[in-house]
Amino acid sequence: VFTVVEEMASFPGKNPEKELMTFLMKNLHYPASCAEKGIEGRVVIKFLIQPDGTLSDFEAVSSPDEELTQAAIDVCKKMPKWNPAKQRGNAVKSYFTLPVTFRLN
């Protein structure tokens with residue numbers, strides 16, 4: 001598993017960062033109990049991207065609340081296959097760390 005690669009894995013699409021943010025905004029569900037308690041913050045999720053682009057091994061690196069952690073992992077599990085990382089032109093396993101911010105308006 002690579003942590004540093006020549007070409008990083010990316011969310012599919014012409015503008016990966018923008019499309020990832022759009023996906024998260026459409027699919028992320030704020031846990032009602034956290035909203036009622038006023039719990040917000042950033043959950044950092046680490047996951048493995050396989051050479052075929054599938055995602056696995058989701059884990060929270062940091063989180064203010066267990067329910068927010070589960071909501072972040074749930075949305076990550078809904079993501080489509082990614083473009084895998086590449087090393088010397090070959091698709092390889094790599095880790096990706098994604099911050100997911102929960103903010104009450």
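1. Basis. The model is predicted: local features need pLDDT of at least 70, side-chain atom pairs count only at pLDDT 80 or more, and totals for chains, interfaces and linings use all residues. Residues are numbered from 1 along each chain as its sequence is written, and side-chain values use heavy atoms, with hydrogens and water left out.

2. Sheet. An open sheet is formed by three strands in the order β2-β1-β5, with antiparallel pairing. Its edge strands, each pairing on one side only, are β2 (55-62) and β5 (94-102). Neighbouring strands of the sheet are turned by 25 degrees against each other on average, direction ignored. Strands (E, at least two residues) and helices (H or I, at least four) are DSSP runs, numbered from the N terminus; two strands pair if DSSP finds at least two bridges between them. Axes are lines fitted to C-alpha atoms, for helices over the stretch in contact, and angles run from 0 to 180 degrees between N-to-C directions.

3. Strand pairs. Strand β1 (residues 41-49) pairs with β2 in the antiparallel sense over five bridges. Within this pair, Ile49 stands opposite Leu55 and Leu48 opposite Ser56. The pairing of β1 with β5 is also antiparallel and runs over nine bridges; Gly41 has Phe102 of β5 as its bridge partner.

4. Helix on the sheet. Helix α3 (residues 66-77) packs on the sheet and touches β1, β2 and β5. The direction of α3 makes about 40 degrees with that of β1. Contact here means heavy atoms within 4.5 Å.

5. A hairpin is formed by β1 and β2, with five residues between them; in the turn, Gly53 has a positive phi of about 95 degrees. Gln50 is placed in the loop between these two strands. Gln50 is buried, at a relative accessible area of 17% (buried means under 20%, exposed over 50%, partly exposed in between, with a 1.4 Å probe and protein chains only). Not counting residues up to four places away in sequence, Gln50 touches Ser56, Pro84, Val92 and Lys93. With Ser56 there is a polar contact between the two side chains, at 3.2 Å. Such a contact is a pair of N or O atoms within 3.5 Å; within protein, one must be able to donate a hydrogen and the other to accept it, and residues adjacent in sequence count only if both atoms are side-chain atoms.

6. Leu55. This residue lies in strand β2 and is buried, with a relative accessible area of 17%. Leaving aside neighbours within four places in sequence, Leu55 is in contact with Phe47, Leu48, Ile49, Cys76, Met79, Pro80 and Trp82. Leu55 and Glu67 are twelve residues apart in sequence and 21 Å apart in space, C-alpha to C-alpha.

7. Cavity. The structure holds one cavity of 30 Å³ or more. The largest cavity has a volume of about 50 Å³, and its lining residues include Phe2, Met8, Ala85 and Tyr95. Strand β5 gives the largest share of this lining, three residues. On a 1 Å grid over the protein atoms alone, a cavity is a set of points where a 1.4 Å probe fits but cannot get out, a pocket is an open set with protein on both sides within 12 Å along at least five of seven lines, and lining residues have an atom within 4 Å of a point. Grid points are joined across faces, edges and corners, and a volume is the space filled by probe spheres set on the points.

8. The largest pocket has a volume of about 160 Å³. Its lining consists of Met21, Leu24, Met25, Leu28, Pro99, Val100 and Thr101. The elements giving two or more residues to this lining are α1 (16-27) and β5.
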